[in-house]
Amino acid sequence: MSSPFLAIDIGNTRLKWALYDSARPGAALQAQGAEFLDHIERLADGPWADLPSPGSMLGCVVAGDAVRRRAEEQIVERFDCTPRWVMPSAGEAGIVNGYDHPTRLGADRFVAMIGARHRMLAERPGQPPRPMVVVLIGTAVTVEAIDTEGKFLGGLILPGHGIMLRALESGTAGLHVPTGEVREFPTNTSDALTSGGTYAIAGAVERMVQHVRSHCGMEPACYMTGGAGWKMAPVMNGHFELVESLIMDGLLVIARERAAA
Ligand SMILES: Nc1ncnc2c1ncn2[C@@H]1O[C@H](COP(=O)(O)OP(=O)(O)O)[C@@H](O)[C@H]1O
Ligand SMILES: CC(C)(COP(=O)(O)O)[C@@H](O)C(=O)NCCC(=O)O
Ligand SMILES: [K+]
């Protein structure tokens with residue numbers, strides 16, 4: 001018997017949710033949405049009002065305990081299921097967590113790597129696994145390195161587009177301008193700021209691809225996700241697959257493994 005499954009990803013800007021017909025990778029998506037954190041209280045009586053009730057849910061949250069509790073209130077108000085959240089551990093679902101303190105790794109990073117590993121293996125059945133670079137472009141940007149065995153080697157944390165711009169605006173007198181375009185040779189302040197932020201992220205990602213290539217001796221499979229992923233995709237060198245659902249995919253993989261255990 002399978003029942004609908006609710007997956008939730010709470011970042012520092014938005015809560016993303018997705019309802020699937022069951023708790024397994026490849027499950028059919030029935031409904032999805034995103035709310036800014038200020039609007040979490042609208043969920044139960046708004047976007048969730050007419051949904052079929054999930055039999056279980058699993059989420060990841062990096063926005064802090066107060067936000068997590070506000071989301072839990074909505075879940076228990078609307079649905080008959082217990083809120084459950086992924087806590088990064090030393091290893092789960094094909095990823096070995098190489099962080100110095102594994103539990104201090106962001107849950108969204110851990111879950112995205114699990115989703116990516118599952119996708120990479122599914123894309124090449126019967127072939128040897130590849131190392132990976134997994135990029136999350138949300139409020140912050142993270143750039144994760146995973147070897148062929150599924151070991152998380154380490155990752156970068158950078159400011160996201162919005163934080164970079166706000167930091168520059170607040171730290172200078174002359175950088176209060178509208179959003180510009182990404183240009184190779186920007187000739188106005190708006191384009192210079194937008195291009196600077198975009199290529200800062202692209203440069204960090206390219207460097208991590210080099211590190212993984214030389215450490216693992218193989219070209220990594222590269223995946224990108226997050227609310228601002230679409231902004232980065234056009235400027236990435238090499239083959240980067242934009243997978244909007246990477247964190248939800250990871251939650252489905254974990255939910256199935258936990259149900260089987
Ligand atoms: N429609 C949108 N709503 C909110 N943020 C958006 C939107 N489109 C792009 N973004 C960008 O995505 C970032 C937030 O992405 P998201 O994945 O929701 O972040 P987080 O996981 O940290 O909550 C913002 O910094 C913003 O630059
Ligand atoms: C790095 C992050 C702030 C990213 O948050 P996001 O951009 O998804 O809102 C989050 O994953 C986090 O708080 N991590 C804990 C510290 C760490 O991963 O080392
Ligand atoms: K996130």
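1. Two strands count as paired if DSSP finds at least two bridges between them. Strand β6 (residues 95–97) and strand β9 (residues 151–159) meet that with two bridges, in the parallel sense. Look for Val 96: its bridge partner in β9 is Lys 151. Helices (H or I, at least four residues) and strands (E, at least two) are DSSP runs, numbered from the N terminus.

2. A word on what you're looking at: this is a predicted model, where local features need pLDDT of at least 70, side-chain atom pairs count only at pLDDT 80 or more, and totals for chains, interfaces and linings use all residues. Residues are numbered from 1 along each chain as its sequence is written, while chains are lettered from A and ligands numbered from 1 in the order in which they are written.

3. Now the overall picture. The chain has six helices and eleven strands, and its C-alpha trace spans about 60 × 45 × 30 Å along the principal axes.

4. Axes here are lines fitted to C-alpha atoms, for helices over the stretch in contact, and angles run from 0 to 180 degrees between N-to-C directions; contact means C-beta atoms, placed from the backbone, within 7 Å.

5. Helix α1 is worth a look too. The buried residues of α1 are Ala 71, Gln 74 and Ile 75 (buried: 20 or more other C-beta atoms within 10 Å of a residue's own; exposed: 12 or fewer; partly exposed in between; C-beta atoms are placed from the backbone). Seen down the helix axis, these buried residues fall within an arc of 100 degrees, so they line one face of α1; the arc is that of the directions from the axis to the C-beta atoms. They pack against β1 (5–10), β2 (14–20) and β4 (56–61). The face turned away carries the exposed residues Asp 65, Ala 66, Arg 69 and Glu 77.

Methods:
Contact = placed C-beta atoms within 7 Å.
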